[in-house]
Amino acid sequence: MDGRTTRILEFHKIKEKLVEYASFQVGKELAEKLEPMAELEAVRRGQAETSEALLILWREGAVPLGGVRDIRGALHRAQIGSTLEPGELLAIESTLSGSRRLKKFLGDLDEKFPILRDLAFRIEVHKEIEEAIRQCISEFGDVLDSASPELARVRTQIRTARNRVKDRLDSLVRSTEAQKYLQDPIVTLRNERYVVPVKQEYKAFVPGIIHDQSASGATLFVEPMAVVELNNQLRQLEAAEEEEILRILRRLTALVQARVDGILATVEVLGRIDFMFAKARLSKELNAVEPALNRDGRLNFRRARHPLLTGEVVPIDVHLGRDFTTLVITGPNTGGKTVTLKTVGLLTLMAQSGLHIPAAEGSEAAVFARIFADIGDEQSIEQNLSTFSSHLTNIVKILGEDQGNSLVLLDELGAGTDPAEGAALAMAILEELHARQARTVATTHYSELKTFAYTRQGVENASVEFDVATLRPTYRLQLGRPGRSNAFEIASRLGLDEQVVSAARAMLTQENVKIEDLIRSIENNQRTTEEERNSAETSRRRLQDMEEEYRRKMERLEQERVEILRKAREEAASVLKRSREEVNELIGQIRREERLKDQEALAELAREEVEKRSRELEKFSQELRDTQEKNRRSAAGPRRPVKIQVGETVYAAALGQNVQILARPNSSGEVLVQAGIMKVTVKEADLEPAVAEDGQKEKPTWREAGRQGGSVRAAAFKAAAYDTGIGTLAKAKTASISPELDLRGLTVEEAWEKTDKYLDDAFLAGLPQIRIIHGKGTGALRQAIRDRLRAHPNVGSFRFGAFNEGGDGVTVVDLQVH
């Protein structure tokens with residue numbers, strides 16, 4: 001862009017504000033170098049940078065740029081091999097630490113911040129350099145004792161040597177004899193050596209080396225011979241200290257030098273980020289917005305404000321390039337015409353520089369290839385140019401450099417010469433710019449240009465409003481309405497004789513009168529139209545507000561409805577869950593109570609059911625038995641008596657197999673016998689001599705077996721055994737059943753149901769011992785299983801498992817012997 005144009009439009013003052021908002025020198029330099037850009041994509045990126053940073057400021061309030069320094073000079077010194085000073089190293093550490101914090105902050109941003117996330121990715125982290133510098137350099141820039149063991153050793157020796165020197169001198173100044181030679185009883189330093197102040201007249205009494213004297217010459221600073229050697233040793237140690245410090249600084253410098261390119265790149269990135277946030281702070285101060293951008297020469301500034309004006313600024317609405325490309329602004333002096341020109345020009349420069357503009361949302365800016373401005377009295381005394389000549393020289397340059405897609409701002413076009421010729425020249429210049437399709441805004445006092453604007457397609461009139469009643473401009477820009485001079489009204493208001501004013505009116509040409517009347521009529525019509533438009537706009541806004549309020553209420557009601565439904569569902573689910581838990585608890589309690597209180601009743605019912613089914617088949621079984629017996633006796637002949645003797649093997653007709661007698665008959669005539677793995681009682685009358693295996697009798701039904709007596713559970717076992725054959729069932733169970741039962745993960749009721757069946761199966765299979773795995777947990781399942789094992793008829797005893805058996809998580813059960 002033309003430097004003269006940016007100076008006229010005061011863009012440099014915007015940059016000065018921007019520099020103030022930058023945090024460190026690299027960002028400030030970028031602000032100072034800021035120039036408007038002519039490429040649309042570059043401008044868009046600049047605007048996006050400002051918008052991203054502004055959003056961070058609104059969300060976070062600040063960005064962690066603390067500790068960042070301009071360390072480019074130190075880095076360049078390290079690059080060429082110079083040894084860095086502690087202060088320079090400390091600044092590098094502070095910058096690296098600050099950049100690492102900033103990288104973390106920006107790296108956590110979401111996808112709304114692509115530019116800042118990309119810049120954060122480019123920040124290099126050098127934590128090893130940070131830690132090395134912090135270990136060696138204090139926050140005050142001193143090399144620490146911990147920097148190296150050698151430095152710590154030398155400094156310890158220095159402290160010891162210094163104390164020896166001071167002790168020797170202190171004893172000297174405290175002695176009574178020496179005090180009369182001394183000006184003051186103190187020890188001080190001269191030329192880095194410890195000395196005492198000796199009176200001039202006693203210098204012969206204190207042998208030593210004179211290092212200095214007072215301004216009056218009355219005092220000599222003498223290093224006594226007694227401490228010369230000690231001072232020499234101290235100086236040697238201090239030289240060793242300086243050498244070790246230099247070695248440490250060289251080592252740290254080498255670390256920086258190895259990464260200098262990456263650190264320099266990081267500093268540049270930090271400067272870019274700082275510059276972005278400087279633009280964001282300026283935007284926040286100006287209450288500015290990001291404008292829409294185009295390359296079609298179309299601008300639309302809504303409620304635009306000049307960014308350098310202070311106090312109560314009247315905003316303007318101005319557009320160009322949509323319905324017209326040339327705007328002619330007329331009106332009185334000091335009415336705001338020039339401010340309007342500068343506002344249009346400066347906001348365009350700001351937009352093309354990636355800065356937000358002080359205007360309302362919805363504003364639009366065009367990206368121009370060139371911006372030209374001829375504003376103010378640029379008369380050059382050195383060149384002996386008049387106002388007219390100065391303006392015309394600038395316009396000639398503008399016409400010579402214009403290559404299209406330009407914004408041209410002309411103040412007081414054609415002024416400074418004969419009005420008729422000036423007006424004609426002004427119209428010709430506007431015609432030329434209009435033909436070149438330049439976007440032009442010009443101010444003038446010439447009435448002929450008002451007519452020109454009415455008669456040319458693509459040219460529009462505008463004016464700045466003037467309040468005749470107060471004799472003050474309102475600074476409001478009115479598009480489509482030419483300005484009036486208001487000279488006669490102002491003269492009357494200021495007290496000029498009415499006859500003089502009337503005479504002046506009469507001297508106007510008919511054409512001027514018609515123009516003024518036309519302007520007055522247009523103003524009246526436009527005023528009426530504007531009032532109607534404002535009224536309609538007010539109604540529209542009121543309707544929009546009502547619609548918006550209605551929409552918000554509907555959204556709020558919908559949210560409340562959804563929330564009520566959600567809470568209702570949650571409450572219903574909670575109630576249902578609570579009810580289920582209560583029902584389950586109640587059922588469990590009932591089951592526990594039933595098992596504890598009604599166990600005998602349940603057993604009785606089971607017994608009655610077994611007996612009922614037994615009675616149903618009793619008749620059939622008896623008939624079958626009688627038939628079998630008849631057949632057997634027919635085949636075997638008369639029944640032979642059996643000798644009842646313990647251990648004797650006999651045939652039990654009721655069981656249909658050989659059995660072994662275990663005890664003599666009781667008073668009821670029943671004999672206890674061993675049938676396979678089962679012990680049962682049979683009638684003595686049913687016993688016969690044993691038969692060979694191939695003559696085995698037919699087995700009775702399970703009903704008959706159950707009828708032989710015993711408990712309900714035993715009856716069920718016997719019935720099942722006899723239905724399938726005791727030996728066969730026992731073998732099957734033994735082959736299929738496991739000696740372990742795992743109950744982990746089950747409820748108490750589920751676990752006991754599974755355990756109860758398993759105990760029956762294990763008993764039937766003849767297992768002598770089983771393991772029940774219930775786990776440790778809270779101990780509830782373990783205790784419930786053990787409580788119920790105590791009352792089970794098939795359980796002989798039980799115990800916790802040994803260490804190698806599972807400990808408290810396992811119960812080992814010994815079953816009853818058959």
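This is a predicted model: local features need pLDDT of at least 70, side-chain atom pairs count only at pLDDT 80 or more; totals for chains, interfaces and linings use all residues.
**Helix α4**

Helix α4 covers residues 40–60, which is 21 residues. From its first C-alpha to its last it reaches 30 Å. That is close to the 30 Å expected at 1.5 Å a residue. Just after α4 comes Gly-61, with a positive phi of about 90°.

Several residues of α4 are buried, among them Leu-40, Val-43, Gly-46, Gln-47 and Thr-50. The buried set also includes Glu-49, Glu-52, Ala-53, Leu-54, Ile-56 and Leu-57. What covers them?

Is Tyr-550 buried or exposed? Tyr-550 counts as exposed because its relative accessibility is 54%, and exposed means over 50%. Thr-440 is buried, because its relative accessible area is 0% and the cut-off is under 20%.

| Residue | Element | Relative accessible area |
|---|---|---|
| Tyr-550 | helix α19 (residues 510–597) | 54% |
| Thr-440 | strand β12 (residues 439–444) | 0% |

Tyr-550 belongs to a nonpolar patch on the surface, together with Met-554 and Leu-557. The three have about 330 Å² of accessible area together.

Which residues does Thr-440 touch, not counting those up to four places away in sequence? They are Leu-320, Thr-325, Thr-326, Leu-327, Val-408, Leu-430 and Leu-433. Thr-325 lies 115 residues from Thr-440 along the chain, yet their C-alpha atoms are separated by 6.4 Å.

Terms used. Residues are numbered from 1 along each chain as its sequence is written. Side-chain values use heavy atoms; hydrogens and water are left out. Helices (H or I, at least four residues) and strands (E, at least two) are DSSP runs, numbered from the N terminus. The expected span of a helix is 1.5 Å times one less than its number of residues. Buried means under 20% relative accessible area, exposed over 50%, partly exposed in between (1.4 Å probe, protein chains only). Patches are made of residues with over 30% relative accessible area and no salt bridge: like charges are joined within 9 Å, nonpolar side chains (Val, Leu, Ile, Met, Phe, Trp, Tyr) within 5 Å. Accessible areas come from the Shrake-Rupley method with a 1.4 Å probe; for residues, only the protein chains shown count as cover. A salt bridge is a side-chain nitrogen of Lys or Arg within 4 Å of a carboxyl oxygen of Asp or Glu. Contact means heavy atoms within 4.5 Å.
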